[in-house]
Amino acid sequence: MPKVLIYITAKIIWQFLFYNTDYYENRAHVHVGKRDTQDLCKIWLEPDIELAKQGDLTDSQVKEVLEIVENHKDQLMQQWQNFKAGNKITIIRIKH
């Protein structure tokens with residue numbers, strides 16, 4: 001499960017990642033959770049950003065994560081393209 005982005009806030013460290021099995025999915029998406037999250041949130045990156053699965057996140061956490069994805073969509077799409085091409089992924093770290 002390659003991590004693609006770590007987003008650090010004062011309260012939560014969000015981890016954005018791809019599952020290795022995501023390689024076989026054509027529609028770009030990312031899985032998101034905080035440390036110790038068991039059931040990750042899944043967000044579609046294309047054609048529009050939208051929630052695919054809420055996972056263990058609360059409604060307010062989903063809202064926060066969707067906003068982060070909106071603000072960093074280009075970076076996440078680049079990571080997706082690198083992942084699908086089999087290229088090395090360097091984790092993006094953002095402190096907010």
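Some ground rules. This is a predicted model, in which local features need pLDDT of at least 70 and side-chain atom pairs count only at pLDDT 80 or more, while totals for chains, interfaces and linings use all residues. Residues are numbered from 1 along each chain as its sequence is written, and side-chain values use heavy atoms, with hydrogens and water left out.

I start with the sheet. Helices (H or I, at least four residues) and strands (E, at least two) are DSSP runs, numbered from the N terminus. Two strands pair if DSSP finds at least two bridges between them. In general, strands of a sheet pair through backbone hydrogen bonds, either parallel or antiparallel.

Here we have an open sheet of six strands in the order S5-S4-S3-S2-S1-S6, and the pairing is mixed. Strand S5 (50-53) and strand S6 (92-95) are at the edges with a single partner strand each, so one side of each has no neighbour in the sheet. From one strand to the next the twist averages 25°; axes are lines fitted to C-alpha atoms, for helices over the stretch in contact, and angles run from 0 to 180 degrees between N-to-C directions.

Helix H1 (residues 59-71) packs on this sheet and touches strand S1 (3-8), S2, S3, strand S4 (41-44) and S5. Contact here means heavy atoms within 4.5 Å. The direction of H1 makes about 60° with that of S2.

Now the individual pairings. S1 and S2 run antiparallel and are joined by five bridges, with a hairpin of four residues between them. S2 (residues 13-17) and S3 (residues 29-34) also run antiparallel, over four bridges. S1 and S6, by contrast, pair in the parallel sense, again over four bridges.

Which residues are the bridge partners of tyrosine 7? In S2 the partner is tryptophan 14, and in S6 it is isoleucine 94. Tryptophan 14 in turn stands opposite lysine 34 in S3.

Isoleucine 6 also lies in S1. At 12% relative accessibility isoleucine 6 counts as buried; buried means under 20% relative accessible area, exposed over 50%, and partly exposed in between, using a 1.4 Å probe and protein chains only. Not counting residues up to four places away in sequence, isoleucine 6 touches Ile13, Trp14, Ile91, Ile92, Arg93 and Ile94.

Next, histidine 31, in strand S3. Is histidine 31 buried or exposed? It counts as buried, at 6% relative accessibility. Its side chain makes a polar contact of 3.1 Å with that of aspartate 22 and another of 3.5 Å with that of histidine 29. A polar contact is a pair of N or O atoms within 3.5 Å; within protein, one must be able to donate a hydrogen and the other to accept it, and residues adjacent in sequence count only if both atoms are side-chain atoms.

Aspartate 39 sits in the loop between S3 and S4. Aspartate 39 is partly exposed, with a relative accessible area of 30%. Its side chain makes a polar contact of 2.7 Å with the side chain of lysine 53. Beyond four places in sequence, aspartate 39 touches Lys53, Gly55 and Asp56.

Last, the rings. The structure holds five aromatic pairs. Rings of Phe, Tyr and Trp (its six-membered ring) pair if their centres lie within 6.5 Å; planes under 30 degrees apart count as stacked, over 60 as edge-to-face and the rest as tilted.

Tyrosine 23 and phenylalanine 83 have ring centres 6.4 Å apart and planes at 80°, so this pair is edge-to-face. The pair links distant parts of the chain, 60 residues apart: tyrosine 23 is in the loop between S2 and S3, and phenylalanine 83 is in helix H2 (residues 73-85). Tryptophan 80 and phenylalanine 83 have centres 5.8 Å apart and planes at 45°, so that pair is tilted. Tryptophan 80 and phenylalanine 83 are both buried, while tyrosine 23 is partly exposed at 39%. Ring pairs link Phe18, Tyr23, Tyr24, Trp80 and Phe83 into a cluster.

Two charges sit over rings, which requires NZ of Lys or CZ of Arg within 6 Å of the ring centre and within 35 degrees of the ring normal. Lysine 84 lies over the face of tyrosine 23, at 5.0 Å from the ring centre. The charged end of arginine 27 sits over the ring of tryptophan 44, 4.2 Å from its centre.
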